[in-house]
2 protein chains.
Amino acid sequence: MNFLEERICKDGIVKEGNVLKVDSFLNHQLDIALLERMGEEFARRFAGAKIDKILTIEASGIGIACVAARYFSVPVVFAKKARSINIEGEMYIAEVESFTHKCKNQVIVSKKFLSPGEHVLIIDDFLANGCALQGLISIVSQAGAQVEGIGIAIEKGFQSGGRTIRNLGYRLESIAIVDGMDAATGEILFRGQEV
Amino acid sequence: MNFLEERICKDGIVKEGNVLKVDSFLNHQLDIALLERMGEEFARRFAGAKIDKILTIEASGIGIACVAARYFSVPVVFAKKARSINIEGEMYIAEVESFTHKCKNQVIVSKKFLSPGEHVLIIDDFLANGCALQGLISIVSQAGAQVEGIGIAIEKGFQSGGRTIRNLGYRLESIAIVDGMDAATGEILFRGQEV
(Lines give C-alpha, C1' and ligand atoms only; values in the text may rest on other atoms or scores of the structure.)
Protein backbone atom coordinates (compact mmCIF):
# COMPACT_ATOMS: atom_id res chain seq x y z
CA MET A 1 0.00 0.00 0.00
CA ASN A 2 1.20 3.51 -0.72
CA PHE A 3 1.05 6.37 1.82
CA LEU A 4 -2.41 7.52 0.78
CA GLU A 5 -3.90 4.02 0.78
CA GLU A 6 -2.47 3.52 4.26
CA ARG A 7 -3.99 6.77 5.44
CA ILE A 8 -7.37 5.88 3.94
CA CYS A 9 -7.29 2.54 5.81
CA LYS A 10 -6.31 4.30 9.04
CA ASP A 11 -8.67 7.31 8.99
CA GLY A 12 -11.16 6.80 6.17
CA ILE A 13 -14.66 5.68 7.09
CA VAL A 14 -16.77 3.47 4.84
CA LYS A 15 -20.47 4.28 4.88
CA GLU A 16 -23.50 2.66 3.31
CA GLY A 17 -24.06 3.61 -0.32
CA ASN A 18 -20.41 3.43 -1.32
CA VAL A 19 -19.56 6.59 0.58
CA LEU A 20 -15.93 6.94 1.69
CA LYS A 21 -15.47 9.70 4.23
CA VAL A 22 -12.00 11.21 4.32
CA ASP A 23 -12.99 14.51 5.86
CA SER A 24 -10.49 14.20 8.72
CA PHE A 25 -7.51 14.60 6.38
CA LEU A 26 -8.57 15.44 2.83
CA ASN A 27 -11.72 17.50 2.38
CA HIS A 28 -12.79 19.31 5.52
CA GLN A 29 -9.75 19.09 7.76
CA LEU A 30 -6.61 19.02 5.62
CA ASP A 31 -3.38 17.30 6.64
CA ILE A 32 -0.83 19.55 4.97
CA ALA A 33 2.07 17.09 5.31
CA LEU A 34 -0.07 14.52 3.47
CA LEU A 35 -0.91 17.08 0.79
CA GLU A 36 2.83 17.68 0.36
CA ARG A 37 3.45 13.99 -0.14
CA MET A 38 0.68 13.94 -2.70
CA GLY A 39 2.26 16.94 -4.45
CA GLU A 40 5.59 15.09 -4.58
CA GLU A 41 3.84 12.02 -5.93
CA PHE A 42 2.10 13.98 -8.70
CA ALA A 43 5.46 15.59 -9.56
CA ARG A 44 7.01 12.12 -9.77
CA ARG A 45 4.22 10.67 -11.90
CA PHE A 46 4.14 13.65 -14.27
CA ALA A 47 7.90 14.14 -14.39
CA GLY A 48 8.90 15.29 -17.87
CA ALA A 49 5.42 16.53 -18.76
CA LYS A 50 5.26 20.17 -19.79
CA ILE A 51 2.86 21.87 -17.41
CA ASP A 52 2.06 25.58 -17.46
CA LYS A 53 -0.86 25.67 -15.09
CA ILE A 54 -2.83 23.58 -12.64
CA LEU A 55 -6.61 23.66 -12.91
CA THR A 56 -8.85 22.50 -10.08
CA ILE A 57 -12.38 23.08 -8.85
CA GLU A 58 -13.65 24.61 -5.65
CA ALA A 59 -13.64 23.79 -2.84
CA SER A 60 -11.79 20.67 -1.78
CA GLY A 61 -9.51 20.54 -4.83
CA ILE A 62 -7.94 23.89 -3.99
CA GLY A 63 -5.76 22.83 -1.07
CA ILE A 64 -4.36 19.83 -2.90
CA ALA A 65 -3.74 21.86 -6.06
CA CYS A 66 -2.01 24.72 -4.22
CA VAL A 67 0.33 22.47 -2.30
CA ALA A 68 1.06 20.40 -5.44
CA ALA A 69 1.70 23.55 -7.49
CA ARG A 70 4.84 24.19 -5.45
CA TYR A 71 6.38 21.10 -7.04
CA PHE A 72 5.58 22.33 -10.53
CA SER A 73 6.24 26.07 -9.99
CA VAL A 74 3.07 27.02 -11.82
CA PRO A 75 -0.04 29.03 -10.88
CA VAL A 76 -3.32 27.40 -9.87
CA VAL A 77 -6.67 28.33 -11.36
CA PHE A 78 -9.75 27.07 -9.60
CA ALA A 79 -13.04 26.74 -11.41
CA LYS A 80 -16.01 28.23 -9.59
CA LYS A 81 -19.25 26.38 -9.17
CA ALA A 82 -21.79 29.18 -9.38
CA ARG A 83 -22.04 32.43 -11.21
CA SER A 84 -20.54 35.14 -9.05
CA ILE A 85 -20.71 38.89 -9.48
CA ASN A 86 -16.96 38.91 -8.88
CA ILE A 87 -16.30 37.06 -12.12
CA GLU A 88 -16.91 39.31 -15.05
CA GLY A 89 -16.07 39.45 -18.69
CA GLU A 90 -15.87 36.41 -20.85
CA MET A 91 -16.07 33.03 -19.18
CA TYR A 92 -15.72 29.39 -20.08
CA ILE A 93 -18.74 27.51 -18.77
CA ALA A 94 -19.49 23.81 -18.47
CA GLU A 95 -22.55 22.11 -17.04
CA VAL A 96 -21.77 19.65 -14.26
CA GLU A 97 -23.93 17.21 -12.35
CA SER A 98 -22.95 16.62 -8.73
CA PHE A 99 -23.38 13.12 -7.38
CA THR A 100 -22.69 14.28 -3.84
CA HIS A 101 -25.05 17.22 -3.79
CA LYS A 102 -27.65 15.83 -6.19
CA CYS A 103 -27.84 19.01 -8.24
CA LYS A 104 -26.52 20.64 -11.39
CA ASN A 105 -23.89 23.33 -11.29
CA GLN A 106 -22.22 25.48 -13.81
CA VAL A 107 -18.46 25.30 -13.65
CA ILE A 108 -16.90 28.59 -14.63
CA VAL A 109 -13.41 29.82 -15.44
CA SER A 110 -12.61 33.34 -16.58
CA LYS A 111 -11.17 33.43 -20.09
CA LYS A 112 -8.35 35.59 -18.74
CA PHE A 113 -6.80 32.62 -16.95
CA LEU A 114 -6.72 29.88 -19.58
CA SER A 115 -5.11 30.55 -22.94
CA PRO A 116 -4.78 28.68 -26.23
CA GLY A 117 -1.75 26.40 -26.28
CA GLU A 118 -1.33 26.20 -22.50
CA HIS A 119 -0.50 22.82 -21.04
CA VAL A 120 -2.79 22.11 -18.11
CA LEU A 121 -2.61 19.60 -15.28
CA ILE A 122 -6.04 19.02 -13.77
CA ILE A 123 -6.02 18.12 -10.07
CA ASP A 124 -8.93 17.12 -7.86
CA ASP A 125 -9.55 15.22 -4.65
CA PHE A 126 -12.10 12.65 -5.87
CA LEU A 127 -13.04 10.94 -9.10
CA ALA A 128 -16.22 8.89 -9.11
CA ASN A 129 -18.62 9.25 -12.04
CA GLY A 130 -16.35 11.93 -13.46
CA CYS A 131 -18.87 14.69 -14.07
CA ALA A 132 -16.79 17.44 -12.47
CA LEU A 133 -13.71 16.25 -14.33
CA GLN A 134 -15.55 16.18 -17.65
CA GLY A 135 -16.56 19.79 -17.02
CA LEU A 136 -12.95 20.79 -16.39
CA ILE A 137 -11.77 18.98 -19.52
CA SER A 138 -14.48 20.74 -21.51
CA ILE A 139 -13.28 24.10 -20.21
CA VAL A 140 -9.64 23.38 -21.12
CA SER A 141 -10.83 22.36 -24.56
CA GLN A 142 -12.97 25.50 -24.96
CA ALA A 143 -9.84 27.53 -24.18
CA GLY A 144 -7.85 25.81 -26.90
CA ALA A 145 -5.50 24.63 -24.18
CA GLN A 146 -4.31 21.05 -23.73
CA VAL A 147 -4.91 18.59 -20.90
CA GLU A 148 -1.40 17.35 -20.19
CA GLY A 149 -2.56 15.08 -17.41
CA ILE A 150 -5.06 14.52 -14.64
CA GLY A 151 -4.01 13.93 -11.04
CA ILE A 152 -6.59 12.59 -8.61
CA ALA A 153 -6.16 11.77 -4.95
CA ILE A 154 -8.81 9.05 -4.64
CA GLU A 155 -10.56 7.36 -7.55
CA LYS A 156 -13.58 5.18 -7.00
CA GLY A 157 -12.58 2.52 -9.48
CA PHE A 158 -15.96 0.79 -9.31
CA GLN A 159 -17.64 3.84 -10.81
CA SER A 160 -17.24 4.61 -14.47
CA GLY A 161 -15.51 8.01 -14.38
CA GLY A 162 -11.91 6.85 -14.49
CA ARG A 163 -12.47 4.17 -17.14
CA THR A 164 -14.22 6.64 -19.45
CA ILE A 165 -11.48 9.23 -19.08
CA ARG A 166 -8.74 6.64 -19.75
CA ASN A 167 -10.68 5.29 -22.74
CA LEU A 168 -10.70 8.82 -24.13
CA GLY A 169 -6.91 8.71 -24.05
CA TYR A 170 -6.23 11.08 -21.20
CA ARG A 171 -3.32 10.43 -18.90
CA LEU A 172 -5.04 9.92 -15.57
CA GLU A 173 -3.04 9.24 -12.42
CA SER A 174 -4.95 8.47 -9.22
CA ILE A 175 -2.82 8.01 -6.13
CA ALA A 176 -5.34 5.59 -4.64
CA ILE A 177 -7.92 3.62 -6.62
CA VAL A 178 -10.64 2.05 -4.50
CA ASP A 179 -12.09 -0.98 -6.27
CA GLY A 180 -14.47 -1.98 -3.53
CA MET A 181 -15.67 -1.09 -0.06
CA ASP A 182 -17.66 -2.93 2.56
CA ALA A 183 -19.59 -0.73 4.96
CA ALA A 184 -20.27 -3.69 7.28
CA THR A 185 -16.61 -4.62 7.83
CA GLY A 186 -15.02 -1.28 6.89
CA GLU A 187 -12.82 -3.17 4.45
CA ILE A 188 -11.41 -1.29 1.48
CA LEU A 189 -9.99 -2.97 -1.63
CA PHE A 190 -7.37 -1.01 -3.57
CA ARG A 191 -6.37 -1.61 -7.16
CA GLY A 192 -2.76 -2.60 -7.59
CA GLN A 193 -0.82 0.01 -9.54
CA GLU A 194 2.52 -0.25 -11.27
CA VAL A 195 4.00 3.16 -10.75
CA MET B 1 4.97 49.34 0.22
CA ASN B 2 5.23 45.69 1.15
CA PHE B 3 5.20 42.85 -1.40
CA LEU B 4 1.42 42.42 -1.37
CA GLU B 5 0.71 46.15 -1.67
CA GLU B 6 3.11 46.28 -4.62
CA ARG B 7 1.33 43.35 -6.25
CA ILE B 8 -2.09 44.93 -5.69
CA CYS B 9 -0.86 48.14 -7.37
CA LYS B 10 0.58 46.14 -10.26
CA ASP B 11 -2.24 43.65 -10.92
CA GLY B 12 -5.25 44.70 -8.86
CA ILE B 13 -8.09 46.47 -10.67
CA VAL B 14 -10.23 49.10 -8.99
CA LYS B 15 -13.88 49.06 -10.05
CA GLU B 16 -16.84 51.29 -9.30
CA GLY B 17 -18.55 50.55 -5.99
CA ASN B 18 -15.32 50.03 -4.04
CA VAL B 19 -14.62 46.71 -5.73
CA LEU B 20 -10.99 45.63 -5.83
CA LYS B 21 -10.39 42.77 -8.24
CA VAL B 22 -7.40 40.60 -7.44
CA ASP B 23 -8.56 37.52 -9.30
CA SER B 24 -5.39 37.26 -11.36
CA PHE B 25 -3.28 36.34 -8.32
CA LEU B 26 -5.41 35.82 -5.21
CA ASN B 27 -8.89 34.45 -5.69
CA HIS B 28 -9.42 32.78 -9.04
CA GLN B 29 -5.90 32.33 -10.37
CA LEU B 30 -3.50 31.85 -7.46
CA ASP B 31 0.16 32.87 -7.54
CA ILE B 32 1.67 30.20 -5.31
CA ALA B 33 4.98 32.05 -4.80
CA LEU B 34 2.98 35.03 -3.53
CA LEU B 35 0.97 32.76 -1.24
CA GLU B 36 4.25 31.44 0.15
CA ARG B 37 5.46 34.96 0.91
CA MET B 38 2.14 35.61 2.64
CA GLY B 39 2.58 32.41 4.66
CA GLU B 40 6.04 33.56 5.72
CA GLU B 41 4.65 36.97 6.64
CA PHE B 42 1.89 35.45 8.80
CA ALA B 43 4.50 33.25 10.47
CA ARG B 44 6.60 36.34 11.20
CA ARG B 45 3.68 38.36 12.54
CA PHE B 46 2.37 35.52 14.70
CA ALA B 47 5.80 34.30 15.82
CA GLY B 48 5.57 33.07 19.39
CA ALA B 49 1.81 32.58 19.28
CA LYS B 50 0.65 29.08 20.16
CA ILE B 51 -1.30 27.81 17.17
CA ASP B 52 -2.80 24.33 16.92
CA LYS B 53 -4.94 24.74 13.84
CA ILE B 54 -5.73 27.12 11.00
CA LEU B 55 -9.39 27.80 10.26
CA THR B 56 -10.51 29.31 6.97
CA ILE B 57 -13.62 29.39 4.81
CA GLU B 58 -14.25 28.08 1.32
CA ALA B 59 -13.34 28.81 -1.34
CA SER B 60 -10.68 31.47 -1.77
CA GLY B 61 -9.32 31.22 1.77
CA ILE B 62 -8.29 27.59 1.30
CA GLY B 63 -5.24 28.12 -0.90
CA ILE B 64 -3.81 30.85 1.33
CA ALA B 65 -4.49 28.82 4.47
CA CYS B 66 -2.93 25.61 3.09
CA VAL B 67 0.25 27.30 1.93
CA ALA B 68 0.50 29.28 5.20
CA ALA B 69 -0.06 26.13 7.26
CA ARG B 70 3.32 24.81 6.11
CA TYR B 71 4.95 27.59 8.14
CA PHE B 72 3.02 26.62 11.26
CA SER B 73 3.04 22.83 10.80
CA VAL B 74 -0.63 22.56 11.70
CA PRO B 75 -3.70 21.20 9.92
CA VAL B 76 -6.19 23.40 8.12
CA VAL B 77 -9.94 23.19 8.62
CA PHE B 78 -12.12 24.97 6.13
CA ALA B 79 -15.65 26.02 7.00
CA LYS B 80 -18.25 25.08 4.42
CA LYS B 81 -20.84 27.52 3.19
CA ALA B 82 -23.82 25.26 2.63
CA ARG B 83 -25.18 22.16 4.24
CA SER B 84 -23.68 19.16 2.49
CA ILE B 85 -24.70 15.54 2.72
CA ASN B 86 -21.01 14.79 3.17
CA ILE B 87 -20.88 16.56 6.52
CA GLU B 88 -22.69 14.55 9.10
CA GLY B 89 -22.93 14.38 12.82
CA GLU B 90 -22.73 17.36 15.05
CA MET B 91 -21.79 20.66 13.49
CA TYR B 92 -21.02 24.18 14.57
CA ILE B 93 -23.13 26.59 12.54
CA ALA B 94 -23.04 30.34 12.15
CA GLU B 95 -25.21 32.58 9.98
CA VAL B 96 -23.22 34.77 7.59
CA GLU B 97 -24.28 37.52 5.23
CA SER B 98 -22.27 37.81 2.03
CA PHE B 99 -21.63 41.30 0.71
CA THR B 100 -20.28 39.93 -2.56
CA HIS B 101 -23.06 37.52 -3.31
CA LYS B 102 -25.89 39.44 -1.64
CA CYS B 103 -27.24 36.45 0.18
CA LYS B 104 -27.15 34.67 3.52
CA ASN B 105 -25.17 31.52 4.07
CA GLN B 106 -24.68 29.14 6.87
CA VAL B 107 -21.07 28.56 7.73
CA ILE B 108 -20.50 25.05 9.01
CA VAL B 109 -17.68 23.17 10.70
CA SER B 110 -17.92 19.60 11.91
CA LYS B 111 -17.53 19.32 15.68
CA LYS B 112 -14.93 16.62 15.06
CA PHE B 113 -12.42 19.17 13.85
CA LEU B 114 -12.49 21.91 16.49
CA SER B 115 -12.02 21.03 20.13
CA PRO B 116 -12.22 22.89 23.43
CA GLY B 117 -8.93 24.52 24.36
CA GLU B 118 -7.47 24.52 20.85
CA HIS B 119 -5.63 27.65 19.75
CA VAL B 120 -6.86 28.71 16.34
CA LEU B 121 -5.43 31.05 13.74
CA ILE B 122 -8.15 32.26 11.36
CA ILE B 123 -6.97 33.03 7.83
CA ASP B 124 -8.92 34.53 4.95
CA ASP B 125 -8.27 36.43 1.75
CA PHE B 126 -10.50 39.48 2.30
CA LEU B 127 -11.91 41.43 5.21
CA ALA B 128 -14.51 44.08 4.42
CA ASN B 129 -17.61 44.26 6.59
CA GLY B 130 -16.40 41.23 8.50
CA CYS B 131 -19.49 39.03 8.35
CA ALA B 132 -17.64 35.89 7.28
CA LEU B 133 -14.99 36.51 9.92
CA GLN B 134 -17.60 37.01 12.64
CA GLY B 135 -19.09 33.66 11.66
CA LEU B 136 -15.72 31.94 11.98
CA ILE B 137 -15.09 33.58 15.38
CA SER B 138 -18.53 32.44 16.51
CA ILE B 139 -17.71 28.88 15.48
CA VAL B 140 -14.38 28.89 17.36
CA SER B 141 -16.23 30.22 20.38
CA GLN B 142 -18.96 27.57 20.09
CA ALA B 143 -16.21 24.95 20.14
CA GLY B 144 -14.72 26.33 23.35
CA ALA B 145 -11.54 26.95 21.39
CA GLN B 146 -9.58 30.19 21.38
CA VAL B 147 -8.92 32.64 18.55
CA GLU B 148 -5.17 33.15 18.83
CA GLY B 149 -5.08 35.53 15.92
CA ILE B 150 -6.58 36.48 12.59
CA GLY B 151 -4.49 36.77 9.43
CA ILE B 152 -6.02 38.52 6.42
CA ALA B 153 -4.47 39.15 3.02
CA ILE B 154 -6.36 42.32 2.09
CA GLU B 155 -8.45 44.39 4.47
CA LYS B 156 -10.73 47.14 3.18
CA GLY B 157 -9.92 49.62 5.93
CA PHE B 158 -12.71 51.96 4.90
CA GLN B 159 -15.32 49.34 5.82
CA SER B 160 -16.08 48.60 9.44
CA GLY B 161 -15.09 44.94 9.71
CA GLY B 162 -11.49 45.36 10.82
CA ARG B 163 -12.20 48.16 13.30
CA THR B 164 -14.95 46.15 14.98
CA ILE B 165 -12.78 43.07 15.30
CA ARG B 166 -9.86 45.08 16.73
CA ASN B 167 -12.22 46.87 19.13
CA LEU B 168 -13.31 43.46 20.37
CA GLY B 169 -9.69 42.82 21.32
CA TYR B 170 -8.76 40.26 18.68
CA ARG B 171 -5.27 40.28 17.27
CA LEU B 172 -5.90 41.01 13.61
CA GLU B 173 -3.04 41.21 11.12
CA SER B 174 -3.82 42.25 7.56
CA ILE B 175 -0.90 42.19 5.17
CA ALA B 176 -2.40 45.02 3.12
CA ILE B 177 -4.98 47.52 4.40
CA VAL B 178 -6.67 49.55 1.68
CA ASP B 179 -7.91 52.86 3.08
CA GLY B 180 -9.23 54.22 -0.17
CA MET B 181 -9.63 53.50 -3.87
CA ASP B 182 -10.44 55.64 -6.87
CA ALA B 183 -12.06 53.80 -9.76
CA ALA B 184 -11.49 56.76 -12.10
CA THR B 185 -7.71 56.95 -11.61
CA GLY B 186 -7.11 53.39 -10.38
CA GLU B 187 -5.30 54.86 -7.39
CA ILE B 188 -5.14 52.80 -4.18
CA LEU B 189 -4.30 54.27 -0.78
CA PHE B 190 -2.74 51.87 1.74
CA ARG B 191 -2.64 52.35 5.49
CA GLY B 192 0.87 52.66 6.91
CA GLN B 193 1.64 49.73 9.20
CA GLU B 194 4.38 49.37 11.76
CA VAL B 195 5.22 45.71 11.57
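Mentor: Start with a hairpin: strands E10(A) and E11(A) form it, with 6 residues between them. A:Gly186 sits in the turn and has a positive phi of about 80°. Helices (H or I, at least four residues) and strands (E, at least two) are DSSP runs, numbered from the N terminus.

This is a predicted model, where local features need pLDDT of at least 70, side-chain atom pairs count only at pLDDT 80 or more, and totals for chains, interfaces and linings use all residues. Residues are numbered from 1 along each chain as its sequence is written, chains are lettered from A and ligands numbered from 1 in the order in which they are written, and side-chain values use heavy atoms, with hydrogens and water left out.

Now the pairing. Strands of a sheet pair through backbone hydrogen bonds, either parallel or antiparallel. Here two strands count as paired if DSSP finds at least two bridges between them. E10(A) and E11(A) are antiparallel, over 3 bridges. A:Met181 stands opposite A:Ile188 in E11(A).

Buried means under 20% relative accessible area, exposed over 50%, and partly exposed in between (1.4 Å probe, protein chains only).

Step to the next strand. E9(A) pairs with E10(A) in the parallel sense, over 6 bridges. In that pair, A:Ile154 has A:Ala176 as its bridge partner.

Look at the whole sheet. It is open and has 7 strands, in the order E11(A)-E10(A)-E9(A)-E8(A)-E4(A)-E5(A)-E3(B), with mixed pairing. The edge strands are E11 (188–190) of chain A and E3 of chain B, each pairing on one side only.

E8(A) (residues 119–127) and E9(A) (residues 146–156) are parallel, over 8 bridges. A:Leu127 stands opposite A:Glu155. Helix H4 (residues 131–142) of chain A packs on the sheet and touches E4, E5, E8 and E9 of chain A. Contact means heavy atoms within 4.5 Å. The direction of H4 makes about 170° with that of E8(A). Axes are lines fitted to C-alpha atoms, for helices over the stretch in contact, and angles run from 0 to 180 degrees between N-to-C directions.

Further along, E4(A) (residues 53–57) and E5(A) pair in the parallel sense, over 4 bridges. A:Ile57 stands opposite A:Ala79. With helix H3 (residues 60–72) of chain A, these two strands make a right-handed β-α-β unit. Right-handed means that, with the strands pointing away from the viewer, the path from the first strand over the helix to the second runs clockwise.

Check the side chains of E5(A) (residues 76–79). In a regular strand the side chains alternate between the two faces of the sheet. A:Val76 and A:Phe78 point one way, A:Val77 and A:Ala79 the other, and all are buried.

Finally, cross to chain B. E5(A) runs antiparallel to E3(B) (residues 29–30), and 2 bridges join them. A:Val77 stands opposite B:Gln29. On chain A, E3(A) pairs in the antiparallel sense with E5(B) (residues 76–79), over 2 bridges.
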